[in-house]
Amino acid sequence: MTSRPRILVTGAGGFIGHHLVRRLKNDGFGVRGVDLKYPDYEPTSADEFEILDLRKWDNCLQTTRGVDQVYNLAADMGGIGYITSYLADIFRNNILINTHMIEASRINGAQRFLFSSSACIYPGYLQKKPEVTPLKESDAFPADPEAGYGWEKLATEELCRYYRKDYGFETRVVRFHNVYGPLGTYDGGKEKSPAALCRKVALANDGDVVDIWGDGKQTRSYMYVDDCVEGLVRLMASDCHDALNLGTDRLVTIDELLGIIAGLAGKKLRIEHDLTKPQGVRGRNSDNTMLRDRLGWEPATPLEDGLRTTYLWIESELRKAGRLPALEKNARGKGV
Ligand code: NAD
């Protein structure tokens, strides 16, 4: 009987990494997690968990010992406010993690290495209108990615290609489009728009004003974390060597996103737009033609369903932290 592969998940203390570890354990694999920290909201289900700084070569060499597959999710990242504020640190931290991790994985004999890239690699010149044409994988060049974070992701995508060409190393590259769900950062500056809006709605009283970054007409598509994890597992098992979008193609404006969450919470809220804050590209959507073709599958969780689960989790965290005192006697929870 052959034993199942041993799998390493970097960034296993983070949002997607933590969910992925749980899924891989449920599937019966032996899993090692590694991160700078343990998961924030519940214990890891990994068999082993190492606290290591993966910017350091020796740590990458240590953590890749004896594994067959590597999901490399560790990254210095956050929402639009964060990634536009720390260009040098983000680029340097992530290029160190990724260059060391791919080489250490190869030297230690891993069979497959999956790199988590981002829709932030797509050129700004294709994302200037809210009613944007969905981005297909071949749109990445001529390059004009998001400063700092996006340039680093694109450089590491290329590095994966070079490792395959020069060493025959089996690499997989996924381009996530806005992942959301429970157990993700919802406060402190690194949170992304769905979590930030869930927090704002949960903390608001019926009739309050909620602030939105930008004019609210910018558009995005959002993928529930369970779909993200399913896509990761399918991509790793596939023979797809090309960078692949992983997201949904349902486009919503940020104002609409807030409207959905407020509706789930049973609150009527007024929106104030803060035009001094960064809002990222004007519109971004995923073209899933290649995803369907290569994986025979695409994310299917309806946005309303995923947001309901996410909102309820964030609301319960805020309640545990004693941050919802004024809300207990008003409309909280209606319709959720
Ligand atoms: P996250 O911030 O929750 O997780 C990343 C983890 O990496 C964190 O736990 C962090 O502590 C860890 N990390 C950072 N620096 C490290 C270091 N030097 N050594 C060891 N660990 C380190 O982010 P996430 O949402 O889970 O994202 C996972 C991956 O997916 C990242 O590569 C990210 O760039 C990519 N991605 C995510 C999204 C999204 O919508 N969440 C979108 C596009 C791409």
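One cut-off before we start: a residue counts as buried under 20% relative accessible area, as exposed over 50%, and as partly exposed in between. Also keep in mind that this is a predicted model.

**Stop 1: Arg319**

Select Arg319, which sits in helix 10. Its relative accessible area is 32%, so Arg319 is partly exposed. Along the sequence, Arg319 and Ala202 are 117 residues apart, yet their C-alpha atoms are 9.4 Å from each other in space.

**Stop 2: helix 6**

Ala202 is one of the buried residues of helix 6, so let's color that helix next. How many of the residues of helix 6 are buried? The count is 9 of 11, which leaves the helix mostly covered. The buried ones are Pro194, Ala195, Ala196, Leu197, Cys198, Arg199, Lys200, Val201 and Ala202. To see what does the covering, show strand 7, strand 8 (209-213), helix 8 (254-265) and helix 10 (303-320), which are among the elements packed over those buried residues.

**Stop 3: Arg199**

Stay in helix 6, which spans residues 193-203, and pick out Arg199. Is Arg199 buried or exposed? Its relative accessibility is 11%, so it counts as buried. Show its surroundings: beyond the neighbours within four places in sequence, Arg199 is in contact with Tyr186, Asp187, Glu191, Ile314, Leu318 and Arg323.

**Stop 4: Lys267**

Jump to the loop between helix 8 and strand 13 (270-274), where you'll find Lys267. Another buried lysine to look at: relative accessibility here is 6%, so Lys267 counts as buried. Where does its side chain go? Draw a distance to the backbone oxygen of Ala204, which the side chain of Lys267 reaches at 2.7 Å.

**Stop 5: the ligand**

Of the 26 residues around the ligand, the nearest are Phe15, Ile16, Asp35, Tyr149 and Val179.

- From a polar backbone atom of Phe15 to an oxygen atom of the ligand: 2.8 Å.
- From an N or O atom in the side chain of Asp35 to an oxygen atom of the ligand: 2.6 Å.
- From a polar side-chain atom of Lys153 to an oxygen atom of the ligand: 2.9 Å.

**Stop 6: the second largest pocket**

Which residues lie nearest the centre of the second largest pocket? Select Glu157, Arg161, His241, Asp242 and Ala243, which are among the 14 lining residues. The space inside comes to about 230 Å³. Helix 5 (149-167) and strand 6 (170-176) are the elements that give two or more residues to this lining, and helix 5 supplies the largest share, with 5 residues. Color the lining by class and you get 7 charged, 5 nonpolar and 2 polar residues.

**Stop 7**

Switch to backbone geometry now. Most residues other than glycine have a negative phi, and most peptide bonds are trans. Here are some exceptions.

Start with Pro142, in the loop between strand 5 (112-118) and helix 5. The peptide bond that runs from Phe141 to Pro142 is cis, and its omega is near 0°.

Next, go to the loop between strand 6 and strand 7 (179-180) and select Asn178. Although Asn178 is not a glycine, its phi is positive, at about 35°. With a relative accessibility of 19%, Asn178 counts as buried, because the cut-off is under 20%.

Then move to Leu183, in the loop between strand 7 and helix 6. Leu183 also has a positive phi, near 70°. Its relative accessible area is 11%, so Leu183 is buried.

**Last stop: Thr219**

Finish at strand 9 (residues 219-220), with Thr219 selected. At 5% relative accessibility, this threonine counts as buried. What does Thr219 touch? Leaving out residues up to four places away in sequence, show Pro130, Val132, Leu251, Val252, Thr253, Arg282, Gly283 and Arg284.

Terms used:
Residues are numbered from 1 along each chain as its sequence is written. This is a predicted model: local features need pLDDT of at least 70, side-chain atom pairs count only at pLDDT 80 or more; totals for chains, interfaces and linings use all residues. Side-chain values use heavy atoms; hydrogens and water are left out. Helices (H or I, at least four residues) and strands (E, at least two) are DSSP runs, numbered from the N terminus. Buried means under 20% relative accessible area, exposed over 50%, partly exposed in between (1.4 Å probe, protein chains only). Contact means heavy atoms within 4.5 Å. On a 1 Å grid over the protein atoms alone, a cavity is a set of points where a 1.4 Å probe fits but cannot get out, and a pocket is an open set with protein on both sides within 12 Å along at least five of seven lines; lining residues have an atom within 4 Å of a point. Grid points are joined across faces, edges and corners, and a volume is the space filled by probe spheres set on the points. Ala, Val, Leu, Ile, Met, Phe, Trp, Tyr, Cys and Pro count as nonpolar, Asp, Glu, Lys and Arg as charged, and the others, Gly among them, as polar. A residue is near a molecule or strand if one of its heavy atoms lies within 4 Å of it. A polar contact is a pair of N or O atoms within 3.5 Å; within protein, one must be able to donate a hydrogen and the other to accept it, and residues adjacent in sequence count only if both atoms are side-chain atoms.
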